Amino acid sequence: MRLVFGTLDLPDTSLAPRILDRFYAAGGRALDVANVYGDGESERAVGKWLRARDSPDGVVVYAKGCHPPYCRPELVAAELDKALRLLGVDRMDVFVLHRDDPSRPVAAFADALLEQVAAEKIGGFGVSNWTIPRLRELQKHLAHVGEDGLVAFSNHFSLAEMVAEPWPGCLAIDKQDLLALADTDLLILAWSSLATGFFAGQDPASWDSPGNRARRDRATELAEELGTSTAAVALAYVFHQPDYVLPIVGTRSEAHLDEALSASEIALSPAQLDWLESGA
C-alpha cells in the first residue's frame, strides 16, 4: 500500500484511533506527522495510537520539523526532540525538514541531520519544500563526505497544478520532475495529493484555475464512466506514477478514507492518463 496517511487535520480525540485503525486494517503503514500540525496535536494522537497498539508491525512515521521560524541547522536537534516527545518514542523512522532556508549552506543542514543518525535517534531523513537543485546539492555533499541517510523528498504533486502557495514556502513538482528524480533512489512523498479538497468540489485558491477546473471536469466524467468518485480518479492518477511516488492524503472521514484507499485499485490506461492531464 503506497498511500501515506496525512495527519494535518487529525484531532487528539476518539476519532484518531478509529481512523488510524481503519487505515492500518486496509494495509496502510505510513504516517505523515509534523510539529506544526495542530501545534503538536496530531503527533500526540498518533503517539497514543502507537502505544495503545503496541507499535504495530510495519508502521513508518515520517515526522516533519524545522518549520519557519525554526528552520535553522542549529535547531534540528531540538525540533527532532520535540517530535520524539510529542510522539512518545525514543527513535524516529524518518525525520523530514519541513522547509528550506536557501541562505544557509546545505552542508550545515546535512551535518545536523547526520548527527542525529549517528546518535541513532533517526533511521533516516528527508527534505520537504526544497528545490530540486538544492536537493541535488544535498546529495552531492553527502556523497562527498561518504555518508548516507537521505531517503525522502516531499513536495506537492497531484493531477492539479499548484498556482499559488497554500502556505508560505510551499513548492510543487510536476510529472517531468518525478521522472527526473528517478535516479535519486528517494521516496517521493507527494503532499496534498488531492489538492486540499479541490477534487472533492472545493475551490482552494492555490489550485483554482481554468486548467485545473478542466482537469477536475475530466476526472468527474471518467469517474461517472468507472462508477467511482472524482477524488478517487484524481488520486488514482497519482498512484499511476512511478512506484517511488507515495501520495499523502488526510481526512477525518471514514468514508473519505475508504474512497482514498479504493483509488489504489483503479486501473487507468495510458490514454486515460493523458486525457486527464491535457484533454487530448
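Y62 has V94 as its bridge partner in strand β4. The model is a predicted one. Four bridges join β3, residues 60–65, to β4, residues 92–97. These two strands run parallel. They belong to a barrel that eight strands close, in the order β1-β2-β3-β4-β5-β6-β7-β8. The pairing around the barrel is parallel. From one strand to the next, the twist averages 25°.

Helix α3, residues 76–87, lies across β2 (30–34), β3, β4 and β5 (122–128). Its direction is at about 135° to β4. Helix α5, residues 132–145, packs on the sheet and touches β5 and β6 (150–154). The directions of α5 and β6 make about 175°.

Now the interior. In soluble globular proteins, nonpolar side chains tend to be buried together. The largest nonpolar core here has 91 residues. L31, M92, L97 and F153 have the most contacts inside this core. Helix α8, residues 230–239, gives the core its largest share, nine residues. What does L97 touch, leaving aside neighbours within four places in sequence? Its contacts are G65, C66, V76, F109, L113, G126, V127, S128 and W130.

A52 counts as exposed because its relative accessibility is 55%, and exposed means over 50%. A52 and A232 are 180 residues apart along the chain, and their C-alpha atoms are separated by 31 Å.

Charged pairs come next. The structure holds 18 salt bridges. In one of them, R22 pairs with E254, the closest N and O atoms being 2.9 Å apart. This pair links helix α1 (residues 15–25) to helix α9 (residues 254–263), across 232 residues. R22 is partly exposed, at 33% relative accessible area. E254 is partly exposed too, at 25%.

D81 and K121 form another salt bridge, at 2.5 Å from N to O. D81 is in helix α3, whereas K121 is in the loop between α4 (106–118) and β5, 40 residues apart. D81 counts as partly exposed at 31% relative accessibility, and K121 does so at 23%.

K175 and E277 also meet in a salt bridge, with 2.9 Å from N to O. K175 lies in helix α6 (residues 175–180) and E277 in helix α10 (residues 270–278), 102 residues apart. Partly exposed again describes K175, at 28%, and E277, at 22%. Salt bridges with shared partners join R18, R22, E254 and D258 into one network.

Notes
Residues numbered from 1 in each chain as written. Predicted model: local features only at pLDDT ≥ 70, side-chain atom pairs only at ≥ 80, totals over all residues. Heavy atoms only, no water. Pairing = 2+ DSSP bridges. Axes fitted to C-alpha atoms, helices over the stretch in contact; angles between N-to-C directions. Contact = heavy atoms within 4.5 Å. Core = buried A, V, L, I, M, F, W, Y, C linked by side-chain atoms within 4.5 Å. Buried < 20%, exposed > 50% of the residue type's maximum accessible area, 1.4 Å probe, protein only. Salt bridge = Lys/Arg side-chain N within 4 Å of Asp/Glu carboxyl O.
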